[in-house]
Amino acid sequence: MSTAPSATAPQKRSFTAAASVYVNERTSLAGFVKELGRKAFPDHWSFLLGEVALFSFVVVLISGTFLTFFFQASMAEVHYNGSYVPLKGVEMSVAMASTLDISFDIRGGLFVRQMHHWAALLFVAAIGLHMLRIFFTGAFRKPRELNWVIGFTLFILAMAEGFTGYSLPDDLLSGNGLAIINGMIKGIPVVGTWTSFLLFGGEFPGTAIVGRLYTLHILLLPALVVALVAIHLVFVVVHKHTQYAGPGKTQQNAVGPPILPIYAAKAGGFFFIIFGVLALIASMFTINPIWNYGPYDPSPVSAGTQPDWYIGFADGALRLVPPGWEFVWLDRTWSFNIIVPILVLGGFIMAVLIYPFIEAWVKGDKREHHIADRPRNAPTRTAIGAAGVTFYAGLWAAASSDILATHFSLTMEGVIHALQAVVIIGPFIAYFITKRVCIALQKKDREIVLHGYESGRIVKLPGGEFIEVHQPLDEYDRWKLVDFETYEPLMIRPNARGKITVGQRVRASLSRWFFEDRIAPVTKGELEAGHDGHH
Amino acid sequence: MRQSSKPVNRKNHMTRQKRRAGRRHPLATVALLALGLVFTGGAYAALSAGTVAQAEDDPTSQQTIDEGEKLFQANCATCHGIDAQGTDTGPSLIGVGAAAVDFQVGTGRMPMQMQGPQAPQKPPQFNDEQVKQLAYYVASLGPGPEIPADHLVNGGGDAANGAELFRINCAMCHNVAGAGGALTEGKFAPPLTEVTGVHIYEAMVTGPQNMPVFNDLNISPEDKRDIITYLKYVQDNRSPGGFELGSLGPVSEGLFIWIFGLGTIVAITVWITAKSN
């Protein structure tokens with residue numbers, strides 16, 4: 001080719017090549033594609049959970065765009081005159097009436113509405129599972145701490161997106177949800193009442209809130225989510241993806257199929273699978289039947305009124321507060337039944353947000369980590385995670401305390417007291433059990449690496465001795481069991497001025513708590529000594 | 001004679017032997033009991049069939065009331081007292097009216113299976129005629145709410161008005177879709193998904209278990225008819241959105257998306273990242 005005359009070269013080019021050259025000469029995309037397209041993406045099912053969240057978000061965006069064509073975010077009063085008989089002639093807001101029209105009088109409207117809602121639930125659920133994967137494998141460690149913060153912010157934004165969307169139809173359920181929010185805001189000392197009036201444009205419920213939430217729901221929050229998702233993904237490319245330990249996998253490389261063509265094709269197909277699953281669910285299962293709930297009216301409240309699942313933990317926290325925490329002092333009402341849950345949940349959220357920085361500080365570890373931990377190999381972190389999950393799960397379950405009571409024939413008081421115990425004592429129990437289980441699993445791993453699997457084959461030696469033959473691991477499997485790091489508690493050392501600060505003492509005691517109980521990975525020497533032995 | 005008498009004797013002998021053996025058979029008592037029960041039951045059935053025939057002519061006749069009294073004394077008096085005056089274990093039934101009895105006995109809540117926070121619904125112990133006999137007996141003890149007329153309970157009213165009244169007056173315990181809900185201390189508001197119009201009406205006017213009474217000044221008979229119309233609409237028309245998941249609201253929706261939605265998708269992630277063999 002290089003020797004051919006340049007005048008004839010363009011004629012020999014295929015159309016694809018010509019088009020590529022045309023585009024590249026004008027955009028310089030080649031370098032970008034070369035860089036990104038050859039990026040290796042390690043293959044593991046748990047690495048796709050973030051993609052599930054992303055793809056459900058795309059479904060939310062597409063279906064939501066359709067809904068904006070027909071939804072009218074107005075609280076003006078109208079008499080419903082659509083197809084649904086039990087609401088005919090009932091006075092309601094335009095928002096509610098237009099949602100009913102979407103459900104009953106616009107072709108495909110109910111399907112898209114249900115798909116939007118189911119996809120939103122899946123979006124937040126997938127984020128939750130994705131975060132658990134990141135946490136328990138330590139994938140938030142340097143250099144990914146900031147991406148953890150961005151991801152967690154996305155989780156909070158997704159909850160805000162969900163809640164604003166839940167409130168838009170202006171049906172009884174969403175109005176009850178807003179009434180609780182209003183109550184929580186008013187429970188905040190000093191600024192509460194002012195904030196509530198600011199938000200609702202006067203006394204709750206007012207006539208402004210749906211329009212305001214709509215602006216947040218379709219403009220501000222999606223813009224923030226899209227921007228943060230973009231940064232989140234750029235960081236994934238910049239940091240490269242983590243991978244599990246295995247032969248040939250190091251802190252310096254990433255082993256897996258390249259993005260182009262294999263990975264991109266798989267991910268593209270995966271999007272349509274998720275779209276299909278959501279379409280199937282939306283076509284078969286009712287979600288948020290606003291026609292049952294009817295228009296919002298501050299007087300009725302339905303039994304079984306709950307927020308969508310991702311707000312459940314906050315609702316549960318309010319339900320678990322014992323009676324009598326609200327009292328009058330200095331001529332003011334102090335709603336500790338609201339202040340305490342807000343503080344506790346705020347503290348919990350902050351703790352999750354900054355956990356990567358706390359762990360890095362306790363470890364005093366400034367190295368980069370690209371090999372994901374197996375949860376058992378970080379027993380204290382895994383135990384802390386289990387405690388957090390138990391705490392969250394207790395609050396979450398409390399949001400359905402009434403359903404638990406009716407469906408398991410229990411008393412409401414019994415359910416509440418049991419869940420109070422789960423939320424307060426449960427995390428400690430979960431912590432200790434998980435830590436012991438992790439350490440026991442590590443011991444088992446050591447045993448297997450050193451002595452192999454018990455094969456169940458009993459052999460009689462010439463001397464008359466019976467032994468069970470142990471099957472040694474092959475090297476590939478062994479690698480996965482020995483390639484991890486352990487830390488030892490930090491020593492307290494005087495600083496440059498010869499002083500031991502309080503911070504250092506705290507750090508040392510935390511470090512001791514983290515790493516006092518530990519199982520070291522099998523070393524090469526131990527391995528060789530083990531193999532020279534009796535088998 | 002001899003020739004002929006011998007076989008006869010032998011036959012008699014054998015029959016006597018057989019009969020003696022039959023009388024001593026271990027199942028003889030059982031058979032006798034069964035026979036006795038069949039006769040008594042048959043006679044009773046014939047008798048009560050006769051009563052029903054008469055009761056249809058005049059539901060409040062003295063004979064209906066007498067039959068009701070017998071049933072009452074046999075099945076209810078232990079707790080409610082021999083004259084329905086009430087005891088430590090059951091309230092007085094004087095003045096509760098026919099509607100209360102028709103609801104409580106007709107839905108199987110009474111006779112109660114055990115003392116507890118609330119009498120659960122169970123298959124009715126009495127047939128319709130017996131329930132009516134009991135109801136008219138109790139109604140004869142003092143004036144009270146009557147069993148509603150058919151035009152009030154057949155679902156021919158205004159569903160939209162009924163739905164609004166239901167949301168305002170009933171949904172806080174029974175849930176907007178009538179799926180039921182929890183009350184304190186193990187009590188509960190039962191689901192209304194399979195309750196008949198008559199029983200809904202009777203429950204409103206008599207306030208069974210923990211339910212308040214909605215008398216005719218509170219909710220007029222026409223409004224009660226509208227509420228029943230709405231509930232019948234919900235019973236007869238399935239959700240346009242597909243399976244209702246129990247009409248329990250966001251809890252069942254959340255469980256569904258976590259277990260079936262995310263469960264399915266995680267299974268798919270495992271599938272598409274599986275190593276090819």
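Residues are numbered from 1 along each chain as its sequence is written, while chains are lettered from A and ligands numbered from 1 in the order in which they are written. Because the model is predicted, local features need pLDDT of at least 70 and side-chain atom pairs count only at pLDDT 80 or more, whereas totals for chains, interfaces and linings use all residues.

**Domains of chain A**

Let's start with the domains, whose bounds come from an automatic or database domain assignment. Chain A has domain 1 (45-294) and domain 2 (374-535), with C-alpha centres 35 Å apart. Seven residues of domain 1 of chain A are in contact with eleven residues of domain 2 of chain A; contact here means C-beta atoms, placed from the backbone, within 7 Å.

**Where the chains meet**

Chain B gives 50 residues to its contact with chain A, and chain A gives 56. On the chain B side, α12(B) supplies the largest share, 15 residues. Other elements giving two or more residues to that side include α8 (159-169) and α11 (221-236) of chain B. Helices (H or I, at least four residues) and strands (E, at least two) are DSSP runs, numbered from the N terminus.

The table gives the residue classes for two touching sides. Ala, Val, Leu, Ile, Met, Phe, Trp, Tyr, Cys and Pro count as nonpolar, Asp, Glu, Lys and Arg as charged, and the others, Gly among them, as polar.

| Side | Classes |
|---|---|
| Domain 1 of chain A, touching domain 2 of chain A | four nonpolar residues, three polar residues, no charged residues |
| Chain B, touching chain A | 29 nonpolar residues, 16 polar residues, five charged residues |

**A helix pair in chain A**

Helix α13 (residues 312-320) and helix α14 (residues 336-363) of chain A pack at about 140°, their axes 9 Å apart. The pair is therefore oblique, the class left over once angles under 35 degrees (roughly parallel), over 145 (roughly antiparallel) and 65 to 115 (roughly perpendicular) are set aside. A314(A), A317(A) and L318(A) of α13(A) meet P341(A), V344(A) and L345(A) of α14(A). The residues of this contact are six nonpolar, no polar and no charged.

**A closer look at A126(A)**

A126(A) sits in helix α6 (residues 109-136) of chain A. Is A126(A) buried or exposed? A126(A) counts as buried because 27 C-beta neighbours lie inside 10 Å; the cut-offs are 20 or more for buried, 12 or fewer for exposed, and partly exposed in between. Leaving out residues up to four places away in sequence, A126(A) touches L49(A), V52(A), A53(A), S56(A) and, from chain B, L262(B).

How values were computed
Axes fitted to C-alpha atoms, helices over the stretch in contact; angles between N-to-C directions. Contact = placed C-beta atoms within 7 Å.
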